[in-house]
Amino acid sequence: MPVRFKAHQLERLQHMIRLLFLWLLGGTISAGSAGCAVDSAPPGPDELRFRFPEQAPRVLDGTEPFVPVSGGFALASTSDPAGDIEASLHRRGGLHAALPASGEGEVRFHLPGGFDVRVREIGAAGEGVIVDNAVAFPREGGTSFWSAIDEGYEEWLLLGAGVADDDAPVAAWEVAGASLRQQGDAVEVVDEAGEAQLRVTAPAAYASGGRPIPVWLEVRGERIELWADADGEPALVDPVWTPVTSMNAARSSHTATRLGNGKVLVAGGQNNVAVLSSAELFDPTTSIWSPAGTLTTARAGHTATLLGNGKVLIVGGRNMSATPFSSAELYDPATNGWSSGGAMTTARHSHTATILPGGKVLVAGGTAPMLTFVSSAELYDPATNTWSAAASMNAVRSGHTASPIANGRVLVTGGCMNSLFLATAEIYDAALNVWAPTTSMSVARCLHAQTTLVNGKVIVTGGSNISTNGTLSVEVFDPAAATPSWTAAAPMFITRAGHVATLLDDGRLLVTGGGTAGLPTRTSSEVYDPATDTWLQLIGMSEPRTEHTATLLGNGKVLLAGGSKRVGSTTTYLASTDLYDPAATKWELAASASSARVSSAAVTLGDGRVLVTGGASGVTTAEIYSPATGTWASAPAMAVNRSLHTATLLGNGKVLVAGVFPATASVASANAQVFDPATSTWSSVGTAAVGRYAHTATLLQNGKVLITGGQETGTGITLATALLFDPGSNTWSAAAPMNAARSDHTATLLASGKVLVAGGHLASAEIYSPLNDSWTTVGAMSAARFGHTATRLDDGRVIVIGGATALSAVSSTEIFTPTVSGGSWSAGPSVPTARVYHSATKLNDGRILVAGGANGVSAPVTYLRTAAIYSPGSNTWATTGPMNDLRAHHQAVLLGSGKVLAVGGYNGSNLSSAEVYTP
């Protein structure tokens, strides 16, 4: 019985036969040739569909087709006079792309408002052709497929074998008409005013068959470089060009409400000339803003509450003259329209609105006409669309906060009362319609933020009062306590008022921005963890914001929208937005060390704290970081300046610090010390020949410490000598010297108890046997290197990562496999981005986190913030979130929580900053 194939199956079979034939020939067949001639035609759509069957539809389908136009290609909807061109241009945030007729030409991006930028892809050449809804251009080593998506434009790069191997960028674009700025993993295209207009990302990259591979973008002057590592296999990489999302109108003192459909409704607010009646919707799935009708009354300083029926209740507010309103309005997502929500008895702004368990809304306090502060409260009933009086509060308040607590109650705190700032708090009982005073806060506050945590407690952050324009104090209220009371929580890193606090899905609290007339507008943000009572600083927002909104989206991200920023006496109102992604933010700023430290030494103590010593060009200071509190505390100073030294945790819990740089007069009398965490004291441990730097120190299985190589303090002579320190007697003895003098090398304790020493401006490696006090030369690495890292894997092998061979960093890795008689080297996968003087930290799950470093040791040097993780099981690298600071010559240690602390370093300046990575 003959076998019948469906059309797509026959095409696949025919293509497989062609590929087999090409493989036998060792080349590729030209589609236009007769016979079996071989040429280098770029891979086309057939190749795409065969090698990447799951991704091919995403590449070729797009959201709408391109058509040929004069000079190139444009979207069909923008080139058809009979079509709705305005609606088409509103998609993709208004971003329009005009593609050239051939790859040598420029892609022209245009945004409403006149922003134009030209992009030329280096290596693209040849006429473009339409393939389904995409446009394909031949390019060196492959084919580029441009397609339109809801968010912007994708350029899928189909790359042939040998292109994506981490030796060079797989693609690059020259950008004219704008400047470029690295922003984490993304690149921002910035206008003359310094405002980001476009964002370029690389969200997806695959090797043959759809295997994900590392991919990253880097700025090089006026060029964007795309790097990917598929180990030389054919690859498919997805650069995406999208507009930096902004609202259609700049606004401050507005509201933002997440709807049941996941979209965010932004309503009202003000700018420098008027209070606004406009409203707009943000769609997280497309990152696009669209109109949401018009409020009947333009208003700012109002409230917005999501009702149980899915509608949004807008209440009160004011005009530009600060005259308050009593009216209310309802937004209906089903119709994208507005209707009346009745009117309150008292016009008010700067009030609170809290939904109660039965569905009614409690509105309390605020500022009434004639700048009168009120204590009155009213109830809105969605079932009847009517208002009724509620019991009045015990104090008049405006600029206060309100949060729901257990048993249908509402906690109201602080605020202003005429010229007074309030510390008082009271609780509304909806069942009884009564207010009862409760314990006052320790600090009077107005313009603070208040949030109910997952555990039912209420946290209050920041605010201003009569004595300060902002405070960093934080208090927590426990309504379930036998006697409800306030307790102090860890303070924020920075004083804030007029900020926003948002509860994240993981139970932590995100605090962003802030600022008052007397307080600079804040760019910074930070996250509070109730479980540990600690704060972590985050990378700053794109610009300062106060009186903005921060809305938790259904995907766990937080949308920050609008607000204002003050510089001197000038206030600028914002249409810009920021998007915070807790999942992508792997690195969070911690408190800075008290001193800038370069080439310091850091070690995790037995109690989980971290001791950091020396650094810079040699300092005596030491300090201790507590992960439990997120704070630094000074430790007693060492007896001698140190840099490029070592710190080793001994079996007795003490720390041996050895090595001196630069040379000082006191070297001879104090060149090694032991720190005792129990007594917080230093003691000298002899004057053996430890006057060296850039050496290694390894804790042996017998409890002794092996010191190897380095350079001699004062002379800089590279050493082959080795020393042993015995903590039991606090004495030094000579060990057998190495076979070669080394510095900037690595020493790794093997499972056998022996020590592998590798590199140090050399390719050679040797193994020390403590049992025999002898060295054995083992096979050499493929290249000499220094400033690299070496980490023992769970299976006993050792991976050597990066470093420099001469003046430039390398991305190569090598893996040493120990044997009874020695061991052997094999090539490992290249780390994303060549780097030297980076850090490598073994995580609790056995993976290796590599962070920072530099691209070389000779000017001009580019410092790195990128990070990547090596997985031994799959022998692959994956990029992870970048650090907040560029840094090399820093220290990174594993904390007891499984997180990683990175501190200090150099990026053109000596750094005191610290940050924590969460795997």
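The model is predicted, so local features need pLDDT of at least 70 and side-chain atom pairs count only at pLDDT 80 or more, while totals for chains, interfaces and linings use all residues. Residues are numbered from 1 along each chain as its sequence is written, and side-chain values use heavy atoms, with hydrogens and water left out.

**Disulfide**

- The structure holds one disulfide, a term for a pair of cysteine sulfur atoms within 2.5 Å.
- C416 and C446 form the bond, with an S to S distance of 2.3 Å.
- The pair links distant parts of the chain, 30 residues apart: C416 lies in strand 36 (residues 416–417), and C446 lies in the loop between strand 39 (434–438) and strand 40 (449–452).
- Strands here are DSSP runs (E, at least two residues), numbered from the N terminus.
- Because the torsion about the S-S bond of C416 and C446 is about -115°, the disulfide is left-handed.

**Burial of the cysteines**

- C416 has a relative accessible area of 14% and is buried, meaning under 20% relative accessible area (1.4 Å probe, protein chains only).
- C446 is also buried, at 3% relative accessibility.

**V527**

- V527 sits in strand 46 (residues 525–529).
- With 2% relative accessibility, V527 counts as buried.
- Not counting residues up to four places away in sequence, V527 touches R508, L509, L510, T534, W535, L536, L538, Y580 and E588; contact means heavy atoms within 4.5 Å.
- From V527 to R692 the C-alpha to C-alpha distance is 42 Å, and the two are 165 residues apart in sequence.

Technical notes
Helix = DSSP H or I, 4+ residues; strand = E, 2+ residues; numbered from the N terminus. Buried < 20%, exposed > 50% of the residue type's maximum accessible area, 1.4 Å probe, protein only.
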